[in-house]
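Here are some exercises to work through with a structure open beside you. Try each task before you read the solution.

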Amino acid sequence: MRNWSGLTYRQLEGKAKAFGNTLPASTIATTVGRSTLPRDSFVEAFTRACGLGDEDVRQWLAARRRIAVGDRARTGGDPRSDLRDEEPGLTQPDGSAVPHRVPWWLRVASLVTAVAVGVLGMLGVQALRSGTDPPRAQPPVPGLGIPAVGSWAKIHPARNPDFCLTEGRDRTQRYPTAVAAQHPCSQADLPRTYIEPLGDGVVQIQWHHPKYAIGCLTVLTDGEGRDLVEPRDDCSESDPAQRWRIEPVGSPAAAHFRIRPEGTGQCLSLRDQDTVEGAEIVQGRCSGAADQQYLIEVIPPP
């Protein structure tokens, strides 16, 4: 999972802190390098830091619990015991140790997961017998092959596919900090783009910068930078200025998308429909024009 997330140990430590967990980079490195089963507290903090939501975290915890119970049964231990592991401990924000007792909801979740697996298996067998496939889950972003936990990607203006939506500057020089603009994708120091689904067709677009860590694209609604898009490190899944809808537009064969900030409902386009390198990305009225269409290249995990 760490390799898939593309995050460094230090970035994972920062993500865990954002969720109220203390997960030192040294603890992560030690734990993922061991062959022993990590504790529940580590699995929960680590999977959240990697970008998983509540339901996915519960499934990982339930799987960890099943493995732990199986290991105890094979070695003659008591499967009802606390199932603690000898590994570096986690601490809470106040410095106290994270309790190791398995919470009641996790025990219930394990039972529910087992029942769900049985039911889904039965449905799958019935589907095979009837000659039909079981229903498939809808993708988190219609028309785009992004898994539920997100994916690395490159966003290209459809008119200029050799360009990427990446870091640039306001050419008017009125807004001093970095903003989204189009530049050649071949530039080596560009931040990496990560699209993280938030549910209900909404995503967060993150930039993982080689120097400035993680920033979330934020549409500016006032001030000198009004309508520009800026990467900000105060990422929040509930901030409407950082919540985006990626929607198919035009012919399905073209695989073009428009990108709309949820807070304003407008569309991202190129300032003044410009085609040159460095043209800023701005929000404006959705017109269906070519400069409001994007190609999104999903990058599979290594």
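You're looking at a predicted model, where local features need pLDDT of at least 70, side-chain atom pairs count only at pLDDT 80 or more, and totals for chains, interfaces and linings use all residues. Residues are numbered from 1 along each chain as its sequence is written, and side-chain values use heavy atoms, with hydrogens and water left out.

**Exercise 1. Find the disulfides and describe the link of Cys164 and Cys185.**

Step 1. A disulfide is a covalent bond between the sulfur atoms of two cysteines. Here the test is a pair of cysteine sulfur atoms within 2.5 Å. Searching the whole structure turns up three of them.

Step 2. Cys164 and Cys185 are joined, with 2.0 Å from S to S. The torsion about their S-S bond is about 105°, so this disulfide is right-handed.

Step 3. Now place the two ends. Helices (H or I, at least four residues) and strands (E, at least two) are DSSP runs, numbered from the N terminus. Cys164 sits in strand β2 (residues 163-168), while Cys185 is in the loop between β3 (179-184) and β4; they are 21 residues apart, so to speak linking distant parts of the chain.

Step 4. Check Cys164 for burial: its relative accessible area is 6%, so Cys164 is buried.

**Exercise 2. Work out how the ends of the link between Cys216 and Cys235 are placed, and then do that for Cys267 and Cys286.**

Step 1. Cys216 bonds to Cys235 at an S to S distance of 2.1 Å. With 110° about the S-S bond, this link is right-handed.

Step 2. Cys216 belongs to strand β6 (residues 213-219), and Cys235 to the loop between β7 (229-232) and β8 (244-249), 19 residues apart. Cys216 has a relative accessible area of 0% and is therefore buried. Cys235, at 35%, counts as partly exposed.

Step 3. Cys267 and Cys286 are joined at 2.0 Å, S to S. Their link is right-handed, with 95° about the S-S bond.

Step 4. Cys267 lies in strand β10 (residues 267-270), and Cys286 in the loop between β11 (281-284) and β12 (294-299), 19 residues apart. Cys267 is buried at 0% relative accessible area, and Cys286 is partly exposed at 27%.

Step 5. Number the bonded cysteines in sequence order, and the pairing reads 1-2, 3-4, 5-6.

**Exercise 3. Classify the two aromatic pairs.**

Step 1. A pair of aromatic rings is described by the distance of the centres and the angle of the planes. Rings of Phe, Tyr and Trp (its six-membered ring) pair if their centres lie within 6.5 Å; planes under 30 degrees apart are stacked, over 60 edge-to-face, and the rest tilted. The structure has two such pairs.

Step 2. Phe42 and Phe46 have ring centres 5.3 Å apart and planes at 15°, so this pair is stacked. Being four residues apart in helix α4, they are separated by about one helical turn. Phe42 and Phe46 are both buried.

Step 3. Trp152 and Tyr194 are edge-to-face, with 4.9 Å between centres and 80° between planes. This pair links distant parts of the chain: Trp152 is in strand β1 (residues 151-157) and Tyr194 in strand β4 (residues 192-199), 42 residues apart. Both are buried.

**Exercise 4. Which residues of helix α3 are buried, and what covers them?**

Step 1. In α3 (residues 25-32), the buried ones are Ala25, Thr27, Ile28 and Thr31. Down the helix axis they fall within an arc of 160° (taken from the directions from the axis to the C-beta atoms), so they line one face of α3.

Step 2. Their cover, judged by contact (heavy atoms within 4.5 Å), includes α2 (9-18) and α4 (40-49).

**Exercise 5. Decide where to read the model with care.**

Step 1. pLDDT is the predictor's confidence in each residue, from 0 to 100. The protein averages 81, and 77% of the residues score at least 70.

Step 2. Over residues 79-89 the pLDDT stays under 50, and the model has 30 contacts for them beyond four places in sequence. Residues 100-105 are also below 50, with eleven contacts beyond near neighbours in sequence.

Step 3. Where pLDDT is low, the predicted coordinates should not be read in detail.

Technical notes: Buried means under 20% relative accessible area, exposed over 50%, partly exposed in between (1.4 Å probe, protein chains only).
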